[in-house]
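Good morning, everyone, and thank you for making the time.

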Protein chains: 2
Amino acid sequence: MIRLLLFAPLLFVGSRALAFQLDELTKYIDSHQEEYVQTLREWVAVESDSSDVQKRSEVERMMNITAEKLKAMGGNVELVDIGLQELPSGNSIPLPKVVTAQFGSDPAKHTVCVYGHVDVQPAKKEDGWATEPYNLTDLNGNLYGRGASDNKAPVLAWIHTVEAYQALGIELPVNVKFIIEGMEETGSNGLDAMIISQNDTFFADVDYIIISDCGWLSRRPALTYGTRGNCYFFAEVEGPTQDLHSGVYGGTVIEPMTDLIGILDTLISPGGKILIPGIPEAVAPLSDEEWKMYQDIEFDVENYKQKIGVSHLMYSSKVDLLAHRWRYPTVTIHGIEGAFSAPGTKTVIPAKVIGKFSIRQVPNMDPAVVEKQVTDYLNAVFGRRKSPNKLKVTMVIGAKPWLADTQHPLYDAGKEAVKKVFKVDPDMIREGGTIPIAKTFQDVTRKSIIMLPIGGFDDGLHSQNEKMSRYNYIEGTKLFVAYLHEVGQIKRD
Amino acid sequence: MIRLLLFAPLLFVGSRALAFQLDELTKYIDSHQEEYVQTLREWVAVESDSSDVQKRSEVERMMNITAEKLKAMGGNVELVDIGLQELPSGNSIPLPKVVTAQFGSDPAKHTVCVYGHVDVQPAKKEDGWATEPYNLTDLNGNLYGRGASDNKAPVLAWIHTVEAYQALGIELPVNVKFIIEGMEETGSNGLDAMIISQNDTFFADVDYIIISDCGWLSRRPALTYGTRGNCYFFAEVEGPTQDLHSGVYGGTVIEPMTDLIGILDTLISPGGKILIPGIPEAVAPLSDEEWKMYQDIEFDVENYKQKIGVSHLMYSSKVDLLAHRWRYPTVTIHGIEGAFSAPGTKTVIPAKVIGKFSIRQVPNMDPAVVEKQVTDYLNAVFGRRKSPNKLKVTMVIGAKPWLADTQHPLYDAGKEAVKKVFKVDPDMIREGGTIPIAKTFQDVTRKSIIMLPIGGFDDGLHSQNEKMSRYNYIEGTKLFVAYLHEVGQIKRD
């Protein structure tokens with residue numbers, strides 16, 4: 001293997017030639033901008049909402065479109081069966097197949113594997129969208145549509161990257177693999193098992209994994225080196241055997257909703273302090289270096305407030321805000337299932353209610369420990385109420401946080417690529433959200449991982465009016481092209 | 001008028017003749033049982049759910065069926081236009097017309113007006129019904145179906161009462177009017193205005209108003225002399241301009257749900273004590289006589305617990321339970337609009353959430369005062385949280401409690417009728433629920449009102465598997481027949 005490496009063609013390409021190739025690739029991307037937007041339009045038009053089983057055929061159609069695209073480019077493409085999804089009804093339906101693809105298998109080159117997803121969050125015009133969510137709408141340089149930024153445009157930008165090299169007859173500086181799934185928005189159901197089962201095959205020759213399923217923090221490009229985990233809980237309080245009329249029974253029964261509200265109110269203080277014993281104590285302390293790094297990050301607090309539309313945030317300083325977004329845990333109460341949630345009035349005592357909340361998790365918290373801490377605490381709080389109702393606490397998601405080594409050559413390559421394309425140093429950032437698959441890749445494949453975002457800071461992921469700017473889409477494609485160049489130059493061990 | 005009265009034919013009917021007539025009427029009712037059940041089946045088959053505007057045509061069809069039935073019996077029937085319903089969308093749709101009818105206008109007789117409604121609560125098989133809710137199902141002497149007890153069978157029992165007199169050629173001992181509406185389950189929209197506008201016409205010659213929209217407390221028949229009122233509140237907490245991703249933003253924003261849970265948790269203690277200053281103090285004290293009356297009432301606490309399916313109630317003694325059901329206020333938290341309420345998981349920070357709760361109201365509380373007490377209290381509690389979010393507290397329903405004079409001849413007539421038909425003394429009971437129209441009748445028409453229930457204690461109103469027993473339906477019709485006899489004998493002022 002070492003000997004072969006000496007004859008690898010890449011090594012004969014000098015730095016001038018590299019600069020020339022990058023220039024050509026950049027021009028090619030600029031001149032194909034409209035085609036890229038058109039492809040994104042076609043992809044956004046597919047309502048690949050993985051949370052709704054009624055839309056499953058659309059997710060499957062999206063996987064096929066992705067596979068066909070990669071096949072047409074000459075990739076070695078597979079649609080991998082990852083089994084069944086169990087529905088609450090007890091029935092099962094097939095999970096959308098995972099698309100894998102491979103471009104090049106030169107053992108002299110590094111092999112990168114790009115992970116992405118083409119399923120989306122739900123969206124309806126009446127949720128408050130200004131445009132039709134599945135009709136990509138080009139307004140003032142922004143491309144509005146569900147899934148535009150999360151994660152269809154980034155996946156396409158990687159595809160355009162390979163296409164550009166191919167179209168210009170420039171050899172790819174690395175072998176490129178793809179793994180594209182269709183269940184990310186509902187927990188990447190089935191993907192962990194697939195990664196485990198293909199660890200010695202598909203992943204055997206992979207050196208690095210690249211994830212572009214996130215965004216910048218500001219207008220300055222960024223490299224992402226950490227994500228929070230997520231422990232998602234159901235707290236179910238069950239009382240009467242069926243819903244009761246609140247006039248007829250109110251005052252005689254101890255109502256499950258009163259109990260649930262009572263215990264949910266003990267999770268977090270008005271000022272944001274987590275009240276569950278053991279959780280604040282488990283958090284890795286903020287180091288001086290981290291503090292300094294946060295100080296240097298471009299982050300406009302006023303702009304952030306304005307974007308969210310609030311007059312005050314939980315903290316007023318930049319460092320506090322970034323730290324509480326990225327490296328401190330937090331509790332969010334999402335809602336209650338089983339209670340009255342429609343518009344209007346209903347005089348009901350709900351018989352069984354399920355409070356849903358999640359704790360964003362950080363080093364050095366451990367989901368198994370968090371599960372016990374939360375369960376013990378809520379049971380103790382509930383016990384003090386002396387309620388005859390039954391409480392059942394369940395952790396339904398236990399996704400670990402992920403943290404990368406920012407000194408790794410993958411990150412140096414990222415810094416170089418950002419400098420070449422954007423003429424600035426990237427911000428080194430973390431994500432408040434969870435990309436559980438990063439942790440799985442790390443734990444199962446033991447490969448190094450980088451998150452290389454091209455999404456904008458204001459893309460509105462999971463929200464109304466999601467968009468991808470033309471700028472980020474096109475310059476992002478250039479970033480990926482440059483990044484492959486840089487990764488190609490990483491010295492092999 | 002006085003002179004005419006002396007020649008009224010009723011006065012010439014001796015008590016023996018009366019007993020004979022009652023006997024005949026009773027036999028007639030027994031022999032027409034299957035027809036009555038069949039008519040109820042036809043009525044239950046109409047999905048007259050007034051809460052769902054999509055079902056409005058079914059409510060209208062139900063009003064027409066009711067009107068046609070009364071016309072066919074020779075009543076003087078009107079379908080009264082009561083205007084439009086404003087929808088949240090800003091559009092308006094016509095309210096279902098109110099049916100009024102009159103049988104007899106003999107100035108020598110008393111005139112009673114029977115109030116009822118033929119709209120129903122929502123019901124779907126998948127809510128947990130053992131049978132199809134709109135297909136009346138006869139099982140072990142129970143007639144299962146949505147609206148069977150609330151309020152279609154009682155309305156029909158009144159109609160059968162008039163029919164029976166007519167069929168046997170026995171003169172009605174009183175003039176009978178009907179006022180039947182189709183919006184009771186959603187707040188009797190438009191009815192107050194209609195009563196006010198017809199106060200000097202339709203209601204001018206009415207002496208007494210009879211409402212049979214309630215149930216017994218046990219297997220023992222009952223007369224109802226009070227209902228609680230209802231103050232229904234929306235507490236809206238508004239924060240960010242749109243829903244946010246809880247991973248990306250969690251820890252930096254003060255979440256509306258945390259605030260809402262925090263303030264809802266200050267309404268009522270785990271033991272049922274209302275924590276809103278001024279409300280417990282406003283409640284009329286429990287008199288010794290009331291206490292004794294409650295002691296005498298047939299009420300099986302164990303049975304009540306079993307029916308609800310709980311191991312412990314808020315209070316353990318019969319008197320405490322009855323008092324807290326009927327004559328003490330209570331707070332129920334119904335649910336939250338705007339938060340995540342579906343099955344599964346969603347990592348959302350809801351931007352605007354509306355907590356819905358109601359306070360059952362009793363003498364001497366006043367809705368206007370309650371509105372101020374609740375609003376002031378929640379604003380103060382919210383203020384202490386120092387949240388940047390906005391709280392808006394609105395009272396959307398402010399229905400007053402109603403209490404009758406149990407010494408009135410209407411109640412004596414009720415006691416006599418119960419004794420004649422069931423051979424027992426009735427329980428004198430109150431309702432925990434609200435029948436706001438009772439208070440309107442009282443305040444607007446100044447007529448005396450009685451609630452004369454025939455529903456069973458376990459009919460499951462507003463719940464799954466609502467039913468009316470054959471026994472209550474048929475014996476209830478006999479009770480109404482006997483009651484008209486008794487009212488006919490009340491001395492005129």
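Let me begin with a question: which residues does A:Asp213 touch, if we do not count residues up to four places away in sequence? In this model, which is a predicted one, A:Asp213 touches A:His117, A:Asp150, A:Asn151, A:Glu184 and A:Ile435.

Two of those names come up again in the database record, because the unreviewed UniProt entry lists A:His117, A:Asp150 and A:Asp213 under "binding site", and such annotations may be inferred rather than shown by experiment. These three residues are spread over 97 residues of sequence, and yet they cluster in space, with a largest C-alpha distance of 8.1 Å.

Staying with A:Asp213 for a moment, you will find it in the loop between strand 9 (208-211) and strand 10 (222-227) of chain A. Its relative accessibility is 9%, and because buried means under 20%, A:Asp213 counts as buried.

Now let us turn to A:His117, which lies in strand 5, residues 111-117 of chain A. A:His117 has a relative accessibility of 0%, so this residue counts as buried too. Leaving aside neighbours within four places in sequence, A:His117 is in contact with a list of residues that includes A:Asp150, A:Lys152, A:Ile180, A:Glu185 and A:Asp213.

Finally, with which side chains does the side chain of A:His117 make polar contacts? One is that of A:Asp119, at 3.0 Å, and another is that of A:Asp213, at 3.2 Å.

Notes. Residues are numbered from 1 along each chain as its sequence is written. Chains are lettered from A and ligands numbered from 1 in the order in which they are written. This is a predicted model: local features need pLDDT of at least 70, side-chain atom pairs count only at pLDDT 80 or more; totals for chains, interfaces and linings use all residues. Side-chain values use heavy atoms; hydrogens and water are left out. Helices (H or I, at least four residues) and strands (E, at least two) are DSSP runs, numbered from the N terminus. Buried means under 20% relative accessible area, exposed over 50%, partly exposed in between (1.4 Å probe, protein chains only). Contact means heavy atoms within 4.5 Å. A polar contact is a pair of N or O atoms within 3.5 Å; within protein, one must be able to donate a hydrogen and the other to accept it, and residues adjacent in sequence count only if both atoms are side-chain atoms.
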